[in-house]
Amino acid sequence: MGYPCPASGILPLALVLAATLAACGGDDGGSPAQPPGPGGPVGPAARACQVADFADVRIPAARITAVSSIPAGTYRPADSRQDLNGVPAFCRIDAVAMPSASSRIDFQLWVPEGTAWNGKLVTTGNGGYSPALSYGDMAYAMRQGYAVLGGDTGHQTEDMLWGVGNPEKIIDWGSRSVNAITVAGKQLLAELRGTAASRAYYLGCSTGGHQGFAEAQRYPEDFDGIIAGAPGNNRTALNIEFMWRFRSNRPANDNLTQFLTPAKLRLITDSAVAACDALDGVTDGVIDDPRACSADKFDVATLLCTAGDAADCLTSSQLAAARNIYRGPRNPRTNAQLYPGWPVGSESGWSGYMGSTEPVRADFWRYWVFDDPQWNWWTFDFDRDVSYAYAKIAPLVDQTSADLSAFKSAGGKLMVYHGWSDPVVSAYDSIGYYDRVLDAQGSRNALDAFYRLFLVPGMGHCSGGPGATTLRVDGDAAPDPSRDVLAAMDRWVEQGTPPDDFVASRTAAGSVQRARPLCAYPKQAVYRGTGDPDDAANYACR
């Protein structure tokens, strides 16, 4: 995948054509290119980091807008409030990709100067429906020597009005933008350095995870490895859940009154942890596997108030709301599950996606599905309107195909991680997708050859939480692949060593306070019964 064959009908740059010749028609059958030698490649046709040196460059469906040299040290992009510390000197190329007549996908390519480049590329994903680039992820990968790509998904404003009457922009956001910037970015990188990247990886979480799934399912040749965290790939159903959650927590047709307050949700989580924390043999404030916290261990009904509302109990309306959210949205006619419910222990985060005066992502429905600025969410029919949404919008944004055979055949590797305490995207949805891919592959061995799912105890949405939830070693140019997710992916691709020895950490004040094995699903980390419970060496994956 480092040197993809040119697509039909596209005339690639002469330089890229030369680099891809062997892979596309050589007598080795298209075997992957060998990684560059130590220090990173600088080919004889390399260009200087200045816009004049790119005057003759023509890239299909893309154009350069700026080229600038950035010194080493602390860097703050002009459209960001975030200081990026410890970055190497790099060449920044700004460009626009235009996969359709109405597309405009602004993106940036950052390439470490000289021998600081390791010869490889990482494309980064995005969050929510925002056009903001994930600068932190870009800096993280570049500190390890990678050239990095980031784009705005094809729109430049925070609202969702950009999709009104423009399905191509919705496709860019939901399915296509990462492919567009990666194809163009690979060519730009080859022009700058005089040689193509030997490997290409993808890194993203939430919508970034969604984008990773789009790549594996729709563009299987783009990446050698994809790291997809908390993937929102089941997008239409996810937005159905947000509306279900909003309505479950309010009296009918009342947008202001909420049953479950953040304090009451915290009460539920604290009670669940108190009841189930020790089930794994270690009392550490974390429910390792919420499925073990069954109703005989913790039943939210035990919190029902007996003498009026109080801080340490739930009213009948609050209890009903919690139960409805736990079970997830269902079709009222068929009782079919529309989106999975929620693991015990995730409750304290539910309030962030309860909505205030309207459901979270109401504009998805208002503008993209119903084309009605006055749309009333209380009229939504979880039978009829669900069918309408799946017919109209899901084909543009959902990434739910379980057929990953082309990605596997191309040699791709997929690492998915998901926090058990994620209150935004249910971990049960990632399990459900994994199980469908397992069925499609036919055996665990066939699936293990290219796919690992890691469920992280105590992790919230993409990061944080009380558990060992740190999955990367930022600032280390050569991190231990057993403790850094990007290094682990690179080792899996380059050496064929799967990330089954991965260790997640909990850090404070710059030091590791707790370490646990992060076991590939369906295995879990089990305490051996002796030794320091904060030491990963005292656990086994079983």
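This briefing covers the overall build of the protein chain, one of its helices and a few backbone features. The model is a predicted one, and its protein chain holds 14 helices and 15 strands. With a radius of gyration of 24 Å, close to the 24 Å that the globule rule gives for 542 residues, the chain is as compact as a globular protein of that length.

**Overall build**
- The C-alpha trace spans about 80 × 60 × 45 Å along its principal axes, and 56% of the 542 residues count as buried.
- Among contacts with a separation of 6 or more, 67% come from residues 24 or more positions apart.
- Carbon and sulfur atoms supply 52% of an accessible surface of about 21200 Å², while the mean positions of the 45 positive and 58 negative charges are 1 Å apart.

**Helix H5**
- Helix H5 (residues 235-248) reaches 20 Å from its first C-alpha to its last, close to the 20 Å expected at 1.5 Å a residue.
- Because 13 of its 14 residues are buried, H5 is largely enclosed by the rest of the structure.

**Backbone features**
- Most residues other than glycine have a negative phi, and most peptide bonds are trans.
- The peptide bond from Tyr521 to Pro522 is cis, with omega near 10°, and Pro522 lies in the loop between strand S13 (511-517) and strand S14 (525-527).
- Ala61, in the loop between helix H1 (14-25) and strand S1 (62-70), has a positive phi near 60° and counts as partly exposed at 44% relative accessibility.
- Ser206, in the loop between strand S8 (199-205) and helix H4 (207-218), has a positive phi near 70°; at 15% relative accessibility, under the 20% cut-off, Ser206 counts as buried.

Notes:
Residues numbered from 1 in each chain as written. Predicted model: local features only at pLDDT ≥ 70, side-chain atom pairs only at ≥ 80, totals over all residues. Heavy atoms only, no water. Helix = DSSP H or I, 4+ residues; strand = E, 2+ residues; numbered from the N terminus. Rg over C-alpha atoms; globule rule 2.2 N^0.38 Å. Buried < 20%, exposed > 50% of the residue type's maximum accessible area, 1.4 Å probe, protein only. Contact = heavy atoms within 4.5 Å. Areas by Shrake-Rupley, 256 points an atom, 1.4 Å probe, with all protein chains shown as cover. Lys, Arg positive; Asp, Glu negative; His and termini not counted. Charge placed at Lys NZ, Arg CZ, Asp CG, Glu CD. Expected span 1.5 Å × (residues − 1).
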